[in-house]
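User: Please go through the aromatic pairs of this model, with the cut-offs stated.

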Amino acid sequence: MSGPRRPLVAGNWKMNKTGVEAREYVARLRALLGDGELSCDVAVCPPATALEATARAASGSAVRVLAQAVHEAEKGAHTGEVSAGMIVGAGADGTLVGHSERRAAGETDDQVAARVRAALDAGLQVVVCVGESLEQREAGETERWLTGQVGAALAQVRADEVGVLSIAYEPIWAIGTGRTATPEIAQEACAHVRSVAAATLDPAALRVLYGGSVTPDNAAGLMAQPDIDGALVGGASLDAEAFAAIARAA
Ligand code: PEP
């Protein structure tokens, strides 16, 4: 990062793309982004099986590669899981932690905290995800919920790690639904996330991203908000053209 709060635009491919498809995508993305200085950091999050191919294809470029999830243990009997050391070994730069689709499958706040710690200890960058459900928002519980999730996620983080950790505010009702938060709603929640994180991390240096149905059409309006320092993009990141357009909007 070349200065405080340089935006980050990250594309979460979820369970999409083989290694071959990832290589083709990264070649296209590199061509679209060009060799010039970008005004934001750009990252893609391939599935674990394509991490190494993606990292090779991105080598020597500004494109960073993040895993979608990490386990807190170094190794052992954890079928299907991937450790921080394995992510490093695949040549990736970092990992998402606590995506709502992982939380829905059982990942707890305590696991998120331990996984953030394990990733940071391995030298990985971390994007930790938080966000409320529609029921929580409608019940007026959003701020209380985000306060709990952010506090738990940062429980084992040190102040000097602010440069390698970002928080993505991703309202569950906006993920994969086409229902984007308005810039005002996203701004209000991201400002709250920043204020809660300030107990641990310098709020002026912490990157807070918005995620949830970001597209080339709505990205600029969202990222123009004072507390939104980039985007975590799911569906629209599967297409290199659309993802490059979102990165250019940052
Ligand atoms: C996500 O999965 O993190 C996400 C934001 O998905 P989408 O952009 O498809 O809503």
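Analyst: Rings of Phe, Tyr and Trp (its six-membered ring) pair if their centres lie within 6.5 Å; planes under 30 degrees apart are stacked, over 60 edge-to-face, and the rest tilted. The model is predicted, so local features need pLDDT of at least 70 and side-chain atom pairs count only at pLDDT 80 or more, while totals for chains, interfaces and linings use all residues. Residues are numbered from 1 along each chain as its sequence is written, and side-chain values use heavy atoms, leaving out hydrogens and water.

User: How many aromatic pairs does a search of the whole structure find?

Analyst: The search covers the whole structure. Its count of aromatic pairs is two.

User: What geometry do Trp13 and Tyr25 form as an aromatic pair?

Analyst: Their centres are 4.7 Å apart.

User: Is Trp13 buried or exposed?

Analyst: Buried means under 20% relative accessible area, exposed over 50%, and partly exposed in between (1.4 Å probe, protein chains only). Trp13 has 0% relative accessibility, so Trp13 is buried.

User: Which residue lies over the face of Trp13?

Analyst: A charge sits over a ring if NZ of Lys or CZ of Arg is within 6 Å of the ring centre and within 35 degrees of the ring normal. At 5.6 Å from the ring centre of Trp13, the residue is Lys17.
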